[in-house]
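Here are a few friendly notes to read with the model open beside you. Take them one at a time and look for each feature as you go.

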Amino acid sequence: MVFGEGNVGAQVLLIGEAPGRLEDEEGRPFVGRSGVLLRELLAEVGVAEEQLFITSVLKCRPPDNRDPKGDEISACSGWLEAQVRLVAPLVICTLGNFALRLVRGDRVGISSVHGVPETRKVFGHTALLLPLFHPAAGLRSTQKRTLLREDLALIPGLLTEARAQH
Ligand code: URA
């Protein structure tokens, strides 16, 4: 099981899709190629590890990295809900469509809403929701990687904005 990791007092919660092979082996989120890119971009835009809690929609690796199934998402969502309530972040970043659709409870597509922050109630906790492309998309396309970097670069300003409201 890959539960997630980070600072329980983090102001930023990142939610991915599901552990891959390396995450499954190590029991840590985002340690494979997507994770290397994600951590590199976060450092570039000035978001430090201690500001983060990182987890995913599914806590276990789907066979052959297939997409998460509805019953698997339902089985894991109670854990994510508990994580959102415990960490109580100011900013929640979803990575890819699965996390985005779970926290919004609709079928919106990431391409139309990425980089557009919005105040939302997520599992009963109000935060700024910032939808991001999944870093795996950034590995496949340099255009998506550029967009992911631009969107991640919004985080420091959103934190300043959110702190001012608290
Ligand atoms: N992709 C995810 O969505 N989560 C991980 O932990 C690793 C890769």
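Predicted model: local features only at pLDDT ≥ 70, side-chain atom pairs only at ≥ 80, totals over all residues.

1. Find strand β3, residues 52-56. Five of its five residues are buried, so the strand is largely enclosed by the rest of the structure. Here, buried means under 20% relative accessible area. Look at the side chains too: Leu52, Ile54 and Ser56 point one way from β3, while Phe53 and Thr55 point the other way, and all are buried.

2. Next, see which strands pair with β3. Strand β1, residues 5-6, runs antiparallel to β3 and is joined to it by two bridges. To locate this pairing, look for Glu5, which stands opposite Ile54 in β3. Strand β2, residues 12-16, pairs with β3 in the parallel sense, over five bridges.

3. Now turn to the ligand. Which residues surround the ligand? They are Gly16, Glu17, Ala18, Glu23, Pro29, Phe30, Ser56 and His134.

4. A backbone N or O atom of Glu17 lies 2.5 Å from a ligand oxygen atom, and a backbone N or O atom of Phe30 lies 3.1 Å from an oxygen atom of the ligand. Ser56 uses its side chain: a polar atom there lies 2.8 Å from a ligand nitrogen atom. Taken alone, the ligand exposes 230 Å², and the protein buries 94% of that.

5. Finally, the space taken by the ligand is the largest pocket.

Key: Residues numbered from 1 in each chain as written. Heavy atoms only, no water. Buried < 20%, exposed > 50% of the residue type's maximum accessible area, 1.4 Å probe, protein only. Helix = DSSP H or I, 4+ residues; strand = E, 2+ residues; numbered from the N terminus. Pairing = 2+ DSSP bridges. Near = heavy atom within 4 Å. Polar contact = N/O pair within 3.5 Å; in protein donor to acceptor, adjacent residues only side chain to side chain. Areas by Shrake-Rupley, 256 points an atom, 1.4 Å probe, with all protein chains shown as cover. 1 Å grid on protein atoms, 1.4 Å probe; cavity = no way out; pocket = protein on both sides within 12 Å on 5 of 7 lines; lining within 4 Å. Sits in = over half its atoms within 2 Å of the grid points.
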